[in-house]
Amino acid sequence: MVEYGMTEVQSNHEVAQTVMEQGTQSLNKVFAALSDPTRRRILEMLDGEELLVSQLSVPFDVSIQAISKHIKVLVSAGLVTQERTGRVSLCRLDAGPISEAAIWINQYSKYWQNQFETLVAFLPDIDAEEKS
């Protein structure tokens with residue numbers, strides 16, 4: 001019975017570890033996708049819009065195939081969904097993974113918040129020096 005309990009605990013730990021690793025992989029894909037300015041622009045274009053790949057390629061000086069590769073990265077990261085009908089591919093933004101990335105980044109906000117508070121504390125001294 002104790003052995004069974006240990007096995008159960010280990011398997012729960014393994015499940016938790018797997019979930020955490022999947023979350024890390026997902027976050028890595030999101031940041032990798034967001035690291036490219038073309039992909040960020042595509043996401044901006046899809047904000048509130050459903051667009052064809054051909055429509056997404058218009059503002060860029062690259063081929064539709066190049067835009068398709070960018071979209072493939074965004075789809076892999078979960079940031080874009082595609083609905084295909086024959087040769088036509090309609091793209092849609094899925095902002096959920098961006099929210100997860102924002103939550104991850106926000107855990108470090110205490111560091112830059114502290115810098116703002118330090119700056120605010122020194123502003124009166126800087127203002128006084130300029131007036132003298």
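Here are some questions about the fold and one of its helices.

Modeller: Happy to! This is a predicted model, where local features need pLDDT of at least 70, side-chain atom pairs count only at pLDDT 80 or more, and totals for chains, interfaces and linings use all residues. Residues are numbered from 1 along each chain as its sequence is written, and side-chain values use heavy atoms, leaving out hydrogens and water.

Colleague: What pattern does the protein chain follow along the sequence?

Modeller: Helices (H or I, at least four residues) and strands (E, at least two) are DSSP runs, numbered from the N terminus. The protein chain has 6 helices and 3 strands. Read in order, they give α-α-β-α-α-β-β-α-α.

Colleague: What percentage of the protein chain's residues count as buried?

Modeller: Buried means under 20% relative accessible area, exposed over 50%, and partly exposed in between, with a 1.4 Å probe and protein chains only. Of the 132 residues in the protein chain, the buried share is 20%.

Colleague: Which residues of helix 4 are buried?

Modeller: Helix 4 covers residues 64-76, 13 residues in total. Its buried residues fall within an arc of 100 degrees seen down the axis, so they line one face of the helix; the arc is taken over directions from the helix axis to the C-beta atoms. Those buried residues are Ile67, His70, Ile71 and Leu74.

Colleague: Which residue with a positive phi follows helix 4?

Modeller: The phi there is near 85 degrees, and the residue is Gly78.

How values were computed
Expected span 1.5 Å × (residues − 1).
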